[in-house]
Amino acid sequence: MELALEEAEKAAQEGEVPIGAVAVLKDKLAARDHNRSIQLHDPTAHAELLVLREVGRRLTNYRLKDVEIYVTVEPCAMCAGALLWARVRRLVFGARDEKTGAVFSKVSLLTPGLFNHSVDVVEGILAEPARQMLQEFFAHRR
């Protein structure tokens, strides 16, 4: 999660919403990135999707059943859906996103049994620094 926080810091420095993600495969770093929607002119360039794409390319497969994703903030509906479609094994995230979170906060897309695949979810890992980074970012933008 510390690597994901480093990525979130990069995002903030680039003027992007400070969210970072890391993909781990068999206890080894497989990909890391941060939100780059503004930079890439791409509304889908969220940290989670960027690492899923990179791991998929490396594995030459869209099914990522042994991959764990670590992300600083609770995924949105788009990213939670992508985790399901990729069949990711586990999601670990820091802070909840009360406005757009799609794991627990607004909707619960990763509820076991809701779809044909279940993603194990762990929340709250280094939540406070992730939350602070988001709050500071948006305070400076206002």
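**Stop 1: the largest pocket**

Select α2 (37–40) and α5 (127–141): each supplies at least two residues of the lining of the largest pocket. Helices here are DSSP runs of H or I of at least four residues, strands are runs of E of at least two, and both are numbered from the N terminus. This is a predicted model, in which local features need pLDDT of at least 70, side-chain atom pairs count only at pLDDT 80 or more, and totals for chains, interfaces and linings use all residues. Residues are numbered from 1 along each chain as its sequence is written, and side-chain values use heavy atoms, with hydrogens and water left out.

The pocket has a volume of about 610 Å³. A pocket is an open set of points on a 1 Å grid over the protein atoms alone, where a 1.4 Å probe fits, with protein on both sides within 12 Å along at least five of seven lines; lining residues have an atom within 4 Å of a point. The volume is the space filled by probe spheres set on the points, which are joined across faces, edges and corners.

Which element gives the most to the lining? It is α5, with four residues. Coloured by type, the lining shows 10 nonpolar, five polar and nine charged residues. Nonpolar covers Ala, Val, Leu, Ile, Met, Phe, Trp, Tyr, Cys and Pro; charged covers Asp, Glu, Lys and Arg; the others, Gly among them, are polar.

**Stop 2: Val17**

Centre on Val17, in the loop between α1 and β1. Val17 is partly exposed, at 25% relative accessible area; buried means under 20%, exposed over 50%, and partly exposed in between, with a 1.4 Å probe and protein chains only. Show its contacts (heavy atoms within 4.5 Å): leaving out residues up to four places away in sequence, Val17 touches Ala11, Asn35, Leu134, Phe137 and Phe138. The C-alpha atoms of Val17 and Phe137 are 7.3 Å apart, although 120 residues separate the two along the chain.

**Stop 3: Glu7**

Move to helix α1 (residues 2–13) and pick Glu7. Is Glu7 buried or exposed? With a relative accessible area of 3%, Glu7 is buried. Beyond its neighbours within four places in sequence, Glu7 contacts Gly20, Ala21, Arg32, Asp33 and His34.

**Stop 4**

Select residues 47–59, helix α3, whose 13 residues reach 18 Å from first C-alpha to last, close to the 18 Å expected at 1.5 Å a residue. The expected span is 1.5 Å times one less than the number of residues. Its buried residues are Ala47, Glu48, Leu49, Leu50, Val51, Leu52, Val55 and Gly56. Among the elements covering them are β1 (20–25), β2 (28–34), β3 (67–73) and α4 (77–86). Just after the helix, Thr60 has a positive phi of about 50°.

Now show Ala23, Leu52, Ile69, Leu91 and Leu110, which touch the most other members of the 31-residue largest nonpolar core. Such a core is a set of buried Ala, Val, Leu, Ile, Met, Phe, Trp, Tyr and Cys residues joined through side-chain atoms within 4.5 Å. α4 gives the most to this core, with six residues.

**Stop 5: Ser105**

Finish at Ser105, in the loop between β4 and β5 (120–123). Ser105 counts as buried at 19% relative accessibility.
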